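Subject: A model for you to look at

Hi,

Here is the structure I said I would pass on. Please open it alongside this note, and my findings follow below.

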Amino acid sequence: MSSRFRILLPVLSLAVLLAAVFYMQPRAMSYFGLNLLFNLAVPIALATVAQMMIIMVNDIDLSTGTFVSFVACVTATFLNDAPLVGLLILAGAIAVYAALGALIEARQLPAIVVTLGMSFVWGGLAVLILPSPGGSAPGWIRALMTAKPPLVPMAIVASVLLAAVAHFVVMRTSTGAILRAVGGNARAVSRSGWSVIRLRAGAYALAGFFGVLSGITLVGLTTSADANIALRYTLLSIAGVILGGGEFTGGRVSPVGAVIGALTLALAGSFLSFMRLSPDWQIGAQGAILILVLAVRLVFARNGRRKEAQHG
Amino acid sequence: MNTKAKLLGAAALLSVAMPALAQDQTGDARIALSNNYAGNSWRQAMLESWEKVGQQAVEEGTVAAADTFTTSENQATEQAAQIQNMILQGYDAIVVNAASPTALNGAIAEACSAGITVVSFDGIVTEPCAWRIAVDFQEMGRQQVDYLAERLPEGGNLLEIRGLAGVFVDDEIHAGIQQGVEENPQFGIVGEVHGDWAQDVAQKAVAGVLPSLPEIVGVVTQGGDGYGAAQAIKAAGRDMPIIVMGNRQDEMQWWADQRDANGYETMSLSIAPGVATLAFWVAQQVLEGADVPKDLTVPFLKVTQDNLDEALASTPDGSVANVEYSLEDAKAVIEEAQAQ
């Protein structure tokens, strides 16, 4: 699958869902409506990009949800009351992520086990910081997330900006290319003189950075935190990466696709809610949408391979 | 000409009809229930009550719609998105049983700024623009001791069955019971066990602590644990103390059996799942323009010796006693809050 084609399917799925939502709820077709539809997708998109950084180096992060919850708790408490301490804690959290990446590479540990273990650590820390739901969002982040830029709502501006930045870092810089190469063939990267330990640590640090942004923006939207606020993000972010054209192995990821995948997942929830579907069916229906998109992708991929074989 | 005349006639009719419409202010209002969880009998009964009262109100023309939405997973971020969808769908009021007291605040603030009335109940929210119908759990504990003081003026030893350790509700009811015992010093709590609001856990816990206890005259509970306590005390061959019950079907069934066998007397109290319908009427009152204080208190549903049979007959197996609230009940609750 060429990278141009990789992005086509996510864009198409989003467009189809958006059209369906507009048809069912014309009110959504406005500045106000688009913002309501998508503003909670911004932290999901950030978490998805974080997850993508990990999937890019052939690992998977099962602690995304609890990490974002932890960051949300830090944001609503320390970052609000003592900004300097808050920033230090968040910087420390990113450093821990980098250290995890180095540890996983150095000891050749399975990332799935390490991050599953870390999910309990982050969850525990979140409960320690905020034993009962509360805290409040720092004024500046609240102002940022509720800002009303002219013409295009904040949620869209933020998503486009995120997609552009992630695309630039991962697809356009030399570091990004080498990071993707770690997922493609780590041994080749190491033989050509790069330190895979440092590269994996870098990818994890990037994941930590976007995870931190996800938690901060989430609190900007909710105004206060809860130790369990983002538990769903783990699965949502993995689904978002895959829906956006990424693959679990080989460093084949698409930052723009990941953002679109996250928006599509958020929109799927709204779509099912507008359909007045019973909650007993909603999880199943959400799964069905995912399977449908992936099935279409598989069919296209197979056709593409056949054509390549014919021509090649 | 003919159509023009018809149009004019229609316009005239409309202008006559308009004032009548304006009188019934909430006739075209749409109210939505945002629910975060439907996986236990209490929540199922809550949804049934809402459907019943909502449907009736729609048929009578009190409101235009009373729809329910339950998130597919019990997660605050899901519910926040659900509430934002409700804003888009143009509901006039949103009644919320919240997954988190704080994590929905952003979405609720959005709803308020869109001119939507938000009423939270049971799982209440801290956002100041929303109304809160909260349960006074302390009062629930206090009333149990007050009842025992009435029945047993000379006092005696009590056994306290607590809920799940570390949960807010457990701390609150416990605090209420302690306050009740301070106010009625003829009582003393000689034993305290955690029953986790489950009959089997309570039975084991009580059976374990009984041998070390002196004679007890009363058992104060948190609901869901009374039947287990009774079984444990019976198995130990002790005299049956007064066990305050929590409206569960098995508790009331045991109580009725004992009453028929030996005239056993007690009382039972809990929160009715129908409190959702109270929230419905409060939302309707706010929409109608009534002056409603932001903080309201849920009344307890008490089952006494007199209405035991009635409550038992209307409670399905494995469920909890329920009641649907009416507009008058809601007005009474509002008045009580105004008086404070």
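Glu251(B) is buried, because its relative accessible area is 0% (buried means under 20% relative accessible area, exposed over 50%, partly exposed in between, with a 1.4 Å probe and protein chains only). Glu251(B) sits in helix α9 of chain B, residues 249–262 (helices are DSSP runs of H or I with at least four residues, strands are runs of E with at least two, and both are numbered from the N terminus). Between the C-alpha atoms of Glu251(B) and Gln284(B), 33 residues apart along the chain, the separation is 35 Å.

Before you go further, please note that this is a predicted model, where local features need pLDDT of at least 70, side-chain atom pairs count only at pLDDT 80 or more, and totals for chains, interfaces and linings use all residues. Residues are numbered from 1 along each chain as its sequence is written, chains are lettered from A and ligands numbered from 1 in the order in which they are written, and side-chain values use heavy atoms, leaving out hydrogens and water.

Chain B as a whole has 12 helices and 12 strands. Its C-alpha atoms fill a box of roughly 95 × 40 × 35 Å along the principal axes, and 54% of its 340 residues count as buried.

Now the strands. In chain B, an open sheet of 4 strands has the order β7-β6-β8-β9, with parallel pairing (two strands pair if DSSP finds at least two bridges between them). β7 (187–194) and β9 (242–243) of chain B are at the edges with a single partner strand each, so one side of each has no neighbour in the sheet. Strand β8 (residues 218–220) of chain B pairs with β9(B) over 2 bridges, and Val219(B) is opposite Ile243(B) there.

Elsewhere in chain B, strand β4 (residues 117–121) runs parallel to strand β5 (residues 131–134), joined by 3 bridges. Another 3 bridges, again in the parallel sense, link β5(B) to strand β11 (residues 295–297) of chain B.

Happy exploring, and write back whenever you like!
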